[in-house]
Amino acid sequence: MTRSTTPIAMLPGLLLCLLLTLWTPSAQAQILNGDLVQGGLVIGRTLPGTRAFLDDRAVSVSASGVFVLGFGRDHPPTARLKLIGETGEPVERVLEIRQRSYQTQRIDGLPPKMVTPPADVLARIRRENAEIARIRTLDTPVTYFEDSWLWPTIGTITGVFGSQRILNGQPRRPHFGIDIAAPRGTSVIAPRDGIVRMAADDLYFTGGTVMLDHGHGIVSVYSHLERIDVRIGDKVEAAQIIGAVGSTGRSTGPHLDWRINWFDQRLDPALLMTGMPAGG
Ligand SMILES: [Zn+2]
């Protein structure tokens, strides 16, 4: 077994081919794209037939050897990637995960029911959350996450990943998406190919909600939609219109909340994107 650390977290945004190379006669891997950072999505390649584990979680490896890793908002400073090749000999590498600091966002003057849901909706919220959690366990054997991502809508970014929210003075869960403010009715497109796993008109928190499955646990979420143009089970192509911006659910104005998850880990969509094009 070999074990060492790599300095590649210093190189955000670069193609990291070959910089992380684990090479023994039995197992090898390289990072093709992505940053080793909290909120980062990293795509790697290994030999077909290799088994991969991140922090002891089994990671699917495609027939061509592609795998994806995700590091949540509060991931600790290191992660362990273990590969087991044909000989069965494990190769382990410690990955250094760059730590971030997050903004604090205070929002005051909200109606109390937007901060604390009334008791009579708790059963509904539990039901909706259970379905969202189920979708986030899917490990579909497609690799639609491999290509570059498009902005799902064009507008003004009004909320960023990871910010700690204090609503009417009460600390709440961090914000895990990007908020893009745009006029009601603005088209929302699929940023990558995907399979529609949720197309719900009216969830309590997120209103009109679409969830797209891009494979290997990568699921993206589009919330507060005014209109939904897809159905559960549809295969959508990158750039296909999936709905329209709205302010449904618990929302203070028309915007798209866009999230990306790797199973239970929340990823930062901004890390996958270059700047928002003009015209928003
Ligand atoms: Zn949001």
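Student: What share of the 280 residues in the protein chain is buried?

Tutor: In this predicted model, buried residues make up 38% of the chain. A residue counts as buried if 20 or more other C-beta atoms lie within 10 Å of its own.

Student: How should I read the buried nonpolar residues?

Tutor: In soluble globular proteins, nonpolar side chains tend to be buried together. Here the largest nonpolar core has 50 residues, and V68, V210 and Y222 touch the most other members. Strand β17, residues 218–228, supplies the largest share of this core, with six residues.

Student: How many helices and strands does the protein chain have?

Tutor: The chain has two helices and 21 strands. Three of the strands form an open sheet with mixed pairing, in the order β9-β11-β12.

Student: Why is one side of β9 and of β12 left without a neighbour in the sheet?

Tutor: β9 (104–107) and β12 (170–171) stand at the edges, so each has a single partner strand.

Student: In which sense do β9 and β11 pair?

Tutor: β9 and β11 (residues 164–167) pair in the parallel sense, over four bridges. Within this pairing, Q105 has R165 of β11 as its bridge partner.

Note on methods. Residues numbered from 1 in each chain as written. Predicted model: local features only at pLDDT ≥ 70, side-chain atom pairs only at ≥ 80, totals over all residues. Buried ≥ 20, exposed ≤ 12 C-beta atoms within 10 Å, placed from the backbone. Core = buried A, V, L, I, M, F, W, Y, C linked by C-beta atoms within 7 Å. Pairing = 2+ DSSP bridges.
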